[in-house]
Amino acid sequence: MNFTDQSKNGRSYGNRGDSSLDKFNSSNGQVYGTLTIDTRRQIEGDLYPVAVRVAYDQKNVYLRIGKRYTKEDWMDLCECEKQARNKRAAERKELKFHLERIANIVNQLIAENNFSLKRLKQMHEGKQVEEGSIYSVWREYISEKREDGKAGSARCSDDILKRFERDMGSDITFADISHKLILDWVKVMKKNELSMTSIGIAMRTFRTIVNICIDRGLVKGNTKEMFKDTGYNKSCSRKHEFLDVETMKRLYDFWEKNEALDKDGHELFTLKEKNAIFRYLGLFLYMYLGDGQNLADTLRLTYDDWYFSTHGKQLRFYRHKTRDRNESASEVIYPITPELQKIMDKYANEPKLGRRVFPIMSELITPEQEVWVVQRYNRYIREHMAKVAKMLNMEQCPTSTWARHSFATNLNNSGNVPYKYISDSMGHSGNSDITSNYIGAYPLEKMLEYNWYLLNTKPKEVQASDKVEAIRELMKGMSKEERKALLSSL
């Protein structure tokens, strides 16, 4: 819609008619309201409730104002407004009064840095707005994550909230939020023998909640000082969690051989347990060789158009963790190397457009169920990799997250792979210029060249035909004298 006339209170008017009597645009231009009938809810007979439909961040809420109309009567009312007739002027004025009231509430919440559709609905219905504690802000954040389909983030945040209430009590006020309180909580978690990784996750989540409170004017100060020396973003805390190329090659060779024998050549496990061990090792290797995927992304992989347009040579996915922040930056395209193809040949579904690559996670389950499946398979991989580590006398006992760390570390340590390729392959690229949207992925030859270093420490030997082609390319830009000199030196 085009809004052509904006008044001081943030309301704007434009082309009226159709099924809307009037509209408003918020003071910051991010919230829109429309006075209309809610055709989703038929009350009695042909009557529908009048509501102000408020849109924000691609979501809607319908706020009823206690009036009802038939579709025909409402359209007649809108037509009168459109033509600026005196007919039914008082009736239209009363309806628009309700719209203006809601517009004022919206702008008030925006001015207080406290706007959300939930708060708007609470104020419209005369309910007490929950803002009395850090807990209510936290629960609202969890609820928003669930509504956005971020079931994993919601569950993690909910677990940390429960830990906070258990450790620090349920009567912490906004005035209590301070550097000392945060340090006290860290001490409690250390006393309870939580790892620094778990403490770091708790601190990052809590910092997010405190930042929301600061933005709303509920807490004073800044999180930089509050979270100083608390374990938030502990530097280098997980850089040791990787397996070098030699170890990864050893794991792949062990998987490919598919044998688990004792020193006398006897089977160490039952057939069922052996198959499980090699299956989860294969999944771990797939994550590593597939550009360091997270397990959640591996289980959600599908055979999409990209797979078939590259004739089964590449796969594509969008990182579930970051796709809502910047979809172009979260896109990952990776080559199906011979090693990956062997793993897929053994465990993957038959390629079909839209089908999951691995027969583990159904397309029909809810986001909450997806989180449960990912957590369960993370545990399976951890348990079975521990058995593999014991059989191979490994000092380290990797989990699924080590696949991602190992991919980045090993390519970087090779000294032969550009940092940008590593970043792009992991979905970390922040390039948002328009031109990049029209540029394809790295050529398959380059992908294969770079990913060679995931299982090899030395560069791949160049074939004789490749050397000849390289010489031809070199000679194209030479003069006759330079070519003659080159040929005489061979």
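This is a predicted model: local features need pLDDT of at least 70, side-chain atom pairs count only at pLDDT 80 or more; totals for chains, interfaces and linings use all residues.
**Sheet**

I began with the strands. Four of them make an open sheet, ordered E3-E4-E5-E6, with antiparallel pairing. At the edges I found E3 (20-25) and E6 (59-70), each of which pairs on one side only. From one strand to the next, the twist averages 15°.

I then looked up how E3 joins E4 (residues 31-37): the two pair in the antiparallel sense over five bridges. For Phe 24 I noted Gly 33, in E4, as the bridge partner.

What packs on this sheet? I found helix H2 (residues 89-111) there, touching E3, E4, E5 (47-56) and E6. The direction of H2 makes about 20° with that of E3.

**Helix pair**

Next I checked H9 (residues 245-257) against H14 (residues 338-347). Their axes come within 12 Å and cross at roughly 35°, and I logged the crossing as left-handed.

Which residues meet here? From H9 I listed Tyr 252, Trp 255 and Glu 256; across from them, H14 brings Glu 339, Lys 342, Ile 343, Lys 346 and Tyr 347. Sorted by class, this contact of H9 with H14 has four nonpolar and four charged residues, and no polar ones.

**Thr 205**

Last, I picked a residue in helix H7 (residues 196-215), namely Thr 205. Is Thr 205 buried or exposed? The relative accessible area of Thr 205 is 13%, under the 20% cut-off, so I put it down as buried. Leaving aside neighbours within four places in sequence, I have Thr 205 in contact with Trp 138, Ser 157 and Ile 160.

How values were computed: Residues are numbered from 1 along each chain as its sequence is written. Side-chain values use heavy atoms; hydrogens and water are left out. Axes are lines fitted to C-alpha atoms, for helices over the stretch in contact, and angles run from 0 to 180 degrees between N-to-C directions. Helices (H or I, at least four residues) and strands (E, at least two) are DSSP runs, numbered from the N terminus. A crossing is left-handed if the near helix is turned anticlockwise from the far one by less than a right angle, and right-handed if clockwise. Contact means heavy atoms within 4.5 Å. Ala, Val, Leu, Ile, Met, Phe, Trp, Tyr, Cys and Pro count as nonpolar, Asp, Glu, Lys and Arg as charged, and the others, Gly among them, as polar. Buried means under 20% relative accessible area, exposed over 50%, partly exposed in between (1.4 Å probe, protein chains only). Two strands pair if DSSP finds at least two bridges between them.
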